[in-house]
Amino acid sequence: MKKYPTHNKKLINWVDKMTRLCEPQDIVWIDGSEEQKLRLQEESVLSGELIRLNQKKLPGCFLHRTSIDDVARTEHLTFICTKRKRTAGPTSNWMPPKLAYKKAEAIFKGSMRWRTMYVIPFSMGPVGSEFSKIGVELTDSRYVVLNMLIMTRVGEAVLRHLEDKDDFTKCLHSKADLDINKRMILHFPEDNTIWSVGSGYGGNVLLGKKCLSLRIASVIARREMWLAEHMLIMGIEEPNGHIEYIAAAFPSACGKTNLAMLIPPQGLRRKGYRIWTVGDDIAWMRIDSDGALWAINPESGFFGVAPGTNSRTNPNMVETIKKDTIFTNVLLKPDGTVWWEGADGEIPAEGIDWQGRPWRPGMFDASGRPILGAHPNSRFTTPIENCPSVSFRLEQHHGVPISAIVFGGRRQHLAPLVYESFNWQHGVFLGATMASERTAAQVGKLGEVRRDPMAMFPFCGYNMAEYFKHWLKMGKNMPKAPKIFHVNWFRIDENGKFLWPGFGENLRVLEWILDRCNNKISAVQTPVGYIPKISDIDITGLKLSKNSLQKLFEIHKKDWMVELESIKTFFKKFKNSLPRELWQEYKALYSRIKNYKG
Ligand code: GTP
Ligand code: SPV
Ligand code: MN
């Protein structure tokens, strides 16, 4: 291969400059070929980065283990680097670009010595679509290369596209020493640049994902008047062939992947629904010439949560991950297959846990807690094309038209199973006031409720007050705006049990949502929004008492008063920049709750 398989001067100069900084032993350009992929897999097995799994049972599958302190996104080490702090806003970690570059340069300096630097040209979205964005990631990790080959469209075709286009996101990653004290994930939206160092964990290092497609893209989207969102996209087909698409934002590890590929429950089989999966994590949405909102999934793979994935909760994913999959931080079984808590089949009698230690069920650590076989945030990287429900519109440049936007969180109390906003502005308020209990997807205290507007709190690349304004503006520019809803699959009863069965059964709620979008049914007005008439949720074949269903929709005045306080505290962080429309909505909700006699 020539030294540079491109004529793009900007790209060549940048690669040269980063080479001088990181001092790799050699440089390999990733061309997207099968042959190169196989070679990289082979090398990874030899170097110990990957373990080849049982190729009879799991063809093309590998296992990877990260460092013990490198198992989830580290939000406190993730920064938005803009000249002014105001641009990043009060909820982002901010660092001035000069300082950030200087600090990171000290870590990047010589970090790739004795290593190969891989150059990965990738496209987020179909190559050549005017809605796609191109990035180039430089990395010293074969694991990153192999994951990027699954998650994004990589290789020659992208480089050809870059010949006459100068616009690409410069992404630099080095494992360096994988030292948490020298770990930084830096975003420079003003330079269209991402620098990540000292980590080997997915969301920190697969720079096309959260870093480019959300943090950087949200800034571009604001400028170009579209939306870059932490949302799944799915199609619901009726027997007459008509498909309606919805987009849904739930915080990390709150059910996007599961919903995006659900299998219609037994009780609704007679209705003949079929689900089409467009995406499970990220949606780029713009207003098309018809005045409606159209969405593409910029990714080409899933980076899904392993624990809890089984044939009952998510049969489509169980099918998807039978081949061509990289598992990270799961348990290795003696037969060269893998397992995690909540997987199919029996609990294995023995294995090697995610930390590489011998494991048996019933083991406890020094503080008496059970030792898990798989890390709670263990994941698999798998091609979307292997998914039985993959949408045939994945490669279509226009994407799919969105009928409903659904927000949701993990709330044991408070939020009803489903409610509908009164209008777009109220819907933006529902998104802006989302909150959820913390999961294992990010480092920090589990279970703690935190506000997570639009599930974008960790991913918005600019001041969230401006982001809310952008949402309000999008609504005004959209003659055929989708309706906005809020769902909560996670409400519990007095015994701490989930009131709602969730997973495939969630289709029953989506059915109501679509009926509302199509003006087929009326609803009950409450202080928080419209909720279903109980008889409008089809519970055929579901063992759910009337009492439970009722409970799922209860609105407790006292809880909502506490919630209003928390919303107020959150909104106040934005001082004068919070759009007044949201304060208006706040006041209106306050008085509706105050006067509520329910
Ligand atoms: P990220 O990939 O981190 O963005 O997560 P995600 O939003 O795609 O979440 P995912 O679908 O992987 O689900 C995360 C966890 O929530 C898993 O442990 C699931 O078993 C659980 N879960 C998903 N859907 C439901 C549901 O409807 N009810 C209940 N009770 N749990 C669910
Ligand atoms: C999330 O945490 O929302 C994920 C996984 O989807 S990561 O890629 O690590 O961000
Ligand atoms: Mn996610």
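## Burial and overall form

Of the 598 residues in the chain, 61% are buried (under 20% relative accessible area, with exposed over 50% and partly exposed in between; 1.4 Å probe, protein chains only). The model is predicted, with local features needing pLDDT of at least 70 and side-chain atom pairs pLDDT 80 or more, whereas totals for chains, interfaces and linings use all residues. Residues are numbered from 1 along each chain, and side-chain values use heavy atoms, without hydrogens and water.

A compact globule of 598 residues would have a radius of gyration near 25 Å, and the 24 Å of the chain agrees (taken over C-alpha atoms; the rule is 2.2 Å times the number of residues to the power 0.38). The C-alpha trace spans about 70 × 55 × 55 Å along its principal axes.

## Salt bridges

The whole structure holds 43 salt bridges (a side-chain nitrogen of Lys or Arg within 4 Å of a carboxyl oxygen of Asp or Glu). One of them joins arginine 142 to glutamate 49, with the closest N and O atoms 2.6 Å apart. Arginine 142 belongs to helix H5 and glutamate 49 to the loop between helix H2 and strand S2, so the pair ties together parts 93 residues apart in sequence (helices are DSSP runs of H or I with at least four residues, strands runs of E with at least two, numbered from the N terminus). Glutamate 49 is buried, at 14% relative accessible area.

Aspartate 281 and lysine 210 form a salt bridge at 3.1 Å, N to O. Both aspartate 281 and lysine 210 are buried. A network of salt bridges links Lys209, Lys210, Lys256, Asp281 and Glu299.

Note on methods: Chains lettered and ligands numbered in written order.
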